[in-house]
Amino acid sequence: MSPAVAIIVENTLQSLYTGLVLGCVYGLMCVGLALIFSVMRVINFAQGEFLMLGMYAALFVFTQLGISALLGPYVGPIVAAVLGGAIVFGVGIVVYEGLLRWITGLQVAGTEGEGHYPQLTLTLGLSLLLSNGGLIVFGSNPETMRTPMSSNAWELGPLFGSDITLFLNQARSVASVVALVVAAAVALFIARTRLGKMLRAAADNPEAATYMGIHVGRAYRLAFGIGAAVTAIAGGLVATYYPFQPYIGIEFVIVMYAGVVLGGMGSVSGAFWGGLTIGLIQQLSTLVLPNQLQNAAIFVAFLLIVLLRPQGLFGRSVERV
Amino acid sequence: MSRALAIIVAGAALFLGATWFVQDRYYQLMFTLVPIWATVGVAWNIFSGYSGLMSFGHAAFFGIGAYTVALLLVKLGLSPWFGIVIAGFAGALAGVVIGFPTFKLRGHYFALAMLAYPLALLYVFEWLGFQEVALPMNRETPAAFMQFSDQRIYVLLAVVLLVVALAINVAVARSRFGLSLLAIKQNELAAMGAGINPRRWKLKAIALSAALTAIAGGLYAVVLLIVTPPAVFGMLASAQAMIVTLFGGIATVAGPVIGALILVPLGETLHAELGSRIPGIQGVVFGAAIMIVVLLAPEGILPWIQARRARRRGADAEEALALDAATFVRASGAAPDSGAPILLAVNSVAVRFGGLQALHNVSFEVRKGEILGIIGPNGAGKTTLFNALNGFIVPSPGSVKLDGRELVGEPPFAICRAGIGRTFQVVRAFARLSLLDNVVVGAFSAEHTDGAAYARAREAIARVGLAGLESQLASSLTTVELRLMEIARALAAGPRLLLLDETLAGLGASETEHVLKVVEAIRREGVTVVIIEHTMHAMVRLADRLLVLDHGEVCAVGDPATVTSNPAVIEAYLGKKWAARAAA
């Protein structure tokens, strides 16, 4: 293999790997957003801020609660991310009870626009409140949950008998495995448990679910809490390899929207694959596009997807005339 | 000058008067930003407020306007006086380019897709090397380059722009433009059925809205003298347009202005007073203010105040529709002879939903001037047949010819204009429009001027016996009034053929009599009627001929007496036992 070809192969494999591992974490964030959307039919603008809160919560647990000292630099960040998720679960419940409860559910079904204007406005306001509140509380300096894993890589290679070597960043690789496990756990929870069935019933037809004795408000609260927590866990994982500040939500919220739309809005497992695809698109685009256009590539891919395949992603039947 | 315009001009004069006494440059800037953001809000409202399509992406137009002005000045030395005009055209073009593909999407999908445009542009402009474009000062002829040492002139410019935007908004709200958009927003299918081409109006709206937004963006660039991608393409720019509008009141003319008057100074003052000590306080207060408004007054401040005032005044005594209960007399001789020319020819129409054959080989003819009744059990395909006739569904195979013109494949609004009007089984009213506005939507497709359309709408309302109720909101009408309103809306488009879908369902005896008389009168005036109905006894009295549909096939056609004694029909309706008894 000539050196020029070897470099191309190496770069491609490296991007593919990075796309896959980042994609798994993106997939997990998307699962959180998709869970909220599929059950409540609310586009949560503040989902990026839940991600941000997850990062700070994980950092807090890791450094302030002594998880770092107790569990060390390898297991510690993972546990911190999950515990951070638990904290944000509480935040999600409070947000639902205090705010969203009043403008979602059966009371808005059948009103103009199905109550979407107030929902969008409210979550937009929440997003502003949380990101700027974060600035006040946490300050604007970038933080990281630095561990030895962040800067170390496993070397894979030389491959193909030539000098192709892949560097697998430890923090990202571990994060992707954890993300896969958490996403699988969420999928199992929804598919197998009694509470999961309640969520699905409330998502399918809130009115009918009410007649079947399901407390739809409780289902919404649970979905919102879990959705926030799942995205927050993804945030905690990102924090192990990426510096963050209170405004970071907007960077990822588009990734989440793109992934959720790609996966077919309302499909929780689809959202994971959607997020994974976005990760791949983002990383593979760096092979042909300048680095600065990485995110533009996501938007273009996102637009192409919604414009070219809306029916395939819609999944809603024709309105009865 | 209309009252609305007088208020706008008076408000603008007041605002400018207040500006006169402001000496502090910082506050002068704030006085400039209020009308600029109010303009963006008004522009956003013209599109999203009236069409109901939430645009999260107006920053795309704002940024395009700002960069058009800045780059034309920096690269070509072109004065912003011209640059702003070009920015308006650039914005309109961007609106059409973005709108054309994106209008395929609905609801959440549309909103999210719009979000992607400005953010993609943001990265593209950074990549192009326009991270920070400063507008150069022109020392020789500053005024020719829109540069003034007295900042109050910028306030004047911004206020003039806002007044223009508001005047456009007022004109839009009162015209077929705004009403067509509201009709689309409230019920796109009904709007199409009433002859409105949704895509055309949406494109017009987004082009207009984008042009105004881009001009505001251009002025913003001139005022701030520096343009950066995050400032003009960023999420906050899009959010600001939505926030001032949703805060003040969506789909109201004054809403965005009220929102901007309260929120922009609030945010700027907080930023100036506390920003150094508590960074982000502006966003926190903004966010909290929005959430409080949403929870307390979900429609925005202005509608909330209006609702409170209306409640205090007490609801006006509602006029009840006095239905003429005189017995229905079938007008003898009104029925056309069988030699009347054929108006509608339906030939082997088939419709399939997945595995379900909803219509199979349906062929029949409708003669000019007759009333054809379509009956059949539930699920026989009656409404599907109507949907195939007016273009909501494209049959395959099948042919539907009106006066020899093939209609299959034409969109619903074109079929409406060709002369087929319809009503819906479930009444599709535009709930928040008045009776007159509901009906005039149908008249727009038949008349070119708004005045003629309103005259036609009033006449249609009188023809169905609802005169006097024109200003009532559709949401306050009774069932029979709504059904008559739908008939009036269909009539207003001047149809030759009227399709009535279960117009009598759920009506009481006297109400039924009234509607029957209206239908009979409509036929006497030369409109051919096809009516779907469940109740046989009304149909037997009304229809000249009956067509029985069963399991998607034509089971019998003929005069009422013959059809109702047809054993196959009795079986379809009542079962085998009854068929046997009738035969005995």
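Mentor: B:Ala345 stands opposite B:Lys401 in S6(B). Strand S6 covers residues 399-402 of chain B, and four bridges join S3(B) to it in an antiparallel arrangement. Two strands are taken as paired if DSSP finds at least two bridges between them. The strands themselves (E, at least two residues) and the helices (H or I, at least four) are DSSP runs, numbered from the N terminus.

This is a predicted model, in which local features need pLDDT of at least 70 and side-chain atom pairs count only at pLDDT 80 or more, while totals for chains, interfaces and linings use all residues. Residues are numbered from 1 along each chain as its sequence is written, and chains are lettered from A and ligands numbered from 1 in the order in which they are written.

S3(B) also pairs with S4(B). Eight bridges join S3 (residues 342-353) to S4 (residues 356-367) of chain B, and these two strands run antiparallel. B:Leu344 has B:Val366 as its bridge partner in S4(B). The hairpin of S3(B) and S4(B) has two residues between the strands, and B:Gly354 there takes a positive phi near 55°.

B:Pro397 sits in the loop between helix H15 (382-389) and S6 of chain B.

A positive phi also turns up in a residue other than glycine: for B:Leu225 the value is near 65°. That residue lies in the loop between helix H9 (198-224) and strand S2 (226-227) of chain B. B:Leu225 counts as partly exposed because it has 13 C-beta neighbours inside 10 Å; the scale is buried at 20 or more other C-beta atoms within 10 Å, exposed at 12 or fewer, and partly exposed in between, with C-beta atoms placed from the backbone. In chain A, A:Arg41 has a positive phi of about 60° although it is not a glycine. A:Arg41 belongs to the loop between helix H1 (3-40) and helix H2 (47-63) of chain A, and it counts as buried because it has 21 C-beta neighbours inside 10 Å.

Back in chain B, the helices give another picture. The axes of helix H2 (residues 25-51) and helix H11 (residues 235-248) of chain B come within 8 Å and cross at roughly 80°; axes are lines fitted to C-alpha atoms, for helices over the stretch in contact, and angles run from 0 to 180 degrees between N-to-C directions. H2(B) is therefore roughly perpendicular to H11(B), a term used for angles of 65 to 115 degrees. Among the residues that make the contact are B:Trp37 and B:Trp44 of H2(B) and B:Met242 of H11(B); contact means C-beta atoms, placed from the backbone, within 7 Å.

Chain B as a whole has 24 helices and 12 strands. Of its 584 residues, 52% count as buried.

Finally, 40 residues of chain A are in contact with 41 residues of chain B. On the chain A side, H4(A) gives the largest share, 15 residues. By class, that side has 30 nonpolar, nine polar and one charged residues, where Ala, Val, Leu, Ile, Met, Phe, Trp, Tyr, Cys and Pro count as nonpolar, Asp, Glu, Lys and Arg as charged, and the others, Gly among them, as polar.

Key:
Two residues are in contact if their C-beta atoms, placed from the backbone, lie within 7 Å. Angles under 35 degrees count as roughly parallel, over 145 as roughly antiparallel, 65 to 115 as roughly perpendicular and the rest as oblique.
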